[in-house]
Amino acid sequence: MAEDTFGFIWVGSEDGLYRFDAYDFVSFRKTQNAHQLLPSNSITALHPLSDGSLIVGTREGLAYFDAKTQQFTSLWAD
């Protein structure tokens with residue numbers, strides 16, 4: 001779990017990444033046809049950055065979540 005600078009709570013699990021805003025959960029998951037998403041649904045680490053963005057560690061690589069665009073970019077993948 002991690003909290004970003006906007007107050008969102010991020011929860012990583014073996015089944016994806018979830019963001020909680022005190023009312024609802026939004027899920028982020030790898031899908032076969034999606035571009036610029038998580039390398040894996042198995043989340044192993046979360047590191048919030050000062051601008052509200054997030055570095056996400058998965059079992060198959062790292063991803064960067066851009067808070068402005070709300071999109072993931074793969075930083076490294078197996």
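Guide: Strands E5 and E6 run antiparallel and are joined by five bridges. Strands are DSSP runs of at least two residues, numbered from the N terminus, and two strands pair if DSSP finds at least two bridges between them. This is a predicted model, in which local features need pLDDT of at least 70 and side-chain atom pairs count only at pLDDT 80 or more, while totals for chains, interfaces and linings use all residues. Residues are numbered from 1 along each chain as its sequence is written, and side-chain values use heavy atoms, with hydrogens and water left out.

Visitor: Which residue is the bridge partner of Ile43 in E6?
Guide: Thr58 is the partner of Ile43. The hairpin of E5 and E6 has five residues between the strands, and Gly52 there takes a positive phi near 95 degrees.

Visitor: What does E6 pair with besides that, and over how many bridges?
Guide: E6 also pairs with E7, in the antiparallel sense, over five bridges. Two residues lie between these strands in their hairpin, and Val56 stands opposite Ala63 in E7.

Visitor: Is E6 mostly covered or mostly open?
Guide: E6 is mostly covered, with four of its five residues buried. Buried means under 20% relative accessible area, exposed means over 50%, and partly exposed lies in between, with a 1.4 Å probe and protein chains only. Leu54, in strand E6, is buried with a relative accessible area of 0%.

Visitor: What does Leu54 touch?
Guide: Not counting residues up to four places away in sequence, the residues in contact (heavy atoms within 4.5 Å) with Leu54 include Trp10, Leu17, Leu46, Ala63 and Phe65.

Visitor: Which residues make up the largest nonpolar core?
Guide: The core has 12 residues in all, among them Trp10, Leu17, Phe28, Leu54, Val56, Phe65 and Phe72. A nonpolar core is a set of buried Ala, Val, Leu, Ile, Met, Phe, Trp, Tyr and Cys residues joined through side-chain atoms within 4.5 Å. E5, E6 and E7 each supply at least two residues of this core.

Visitor: Changing topic, how many aromatic pairs are there?
Guide: The structure holds six aromatic pairs. One of them is edge-to-face, because the rings of Phe28 and Phe65 have centres 5.5 Å apart and planes at 65 degrees. Rings of Phe, Tyr and Trp (its six-membered ring) pair if their centres lie within 6.5 Å; planes under 30 degrees apart count as stacked, over 60 as edge-to-face and the rest as tilted.

Visitor: Why does that pair tie together separate parts of the sequence?
Guide: Phe28 lies in strand E4 and Phe65 in strand E7, so the pair ties together parts that are 37 residues apart in sequence. Phe28 counts as buried at 12% relative accessibility, and Phe65 does so at 1%. Ring pairs link Trp10, Phe28, Phe65 and Phe72 into a cluster.

Visitor: And Ser53, where does that lie?
Guide: Ser53 lies in the loop between E5 and E6 and counts as buried at 1% relative accessibility. A polar contact of 3.1 Å joins the side chains of Ser53 and Tyr64. Such a contact is a pair of N or O atoms within 3.5 Å; within protein, one must be able to donate a hydrogen and the other to accept it, and residues adjacent in sequence count only if both atoms are side-chain atoms. The backbone nitrogen of Ala67 lies 3.3 Å from a polar atom of the Ser53 side chain.
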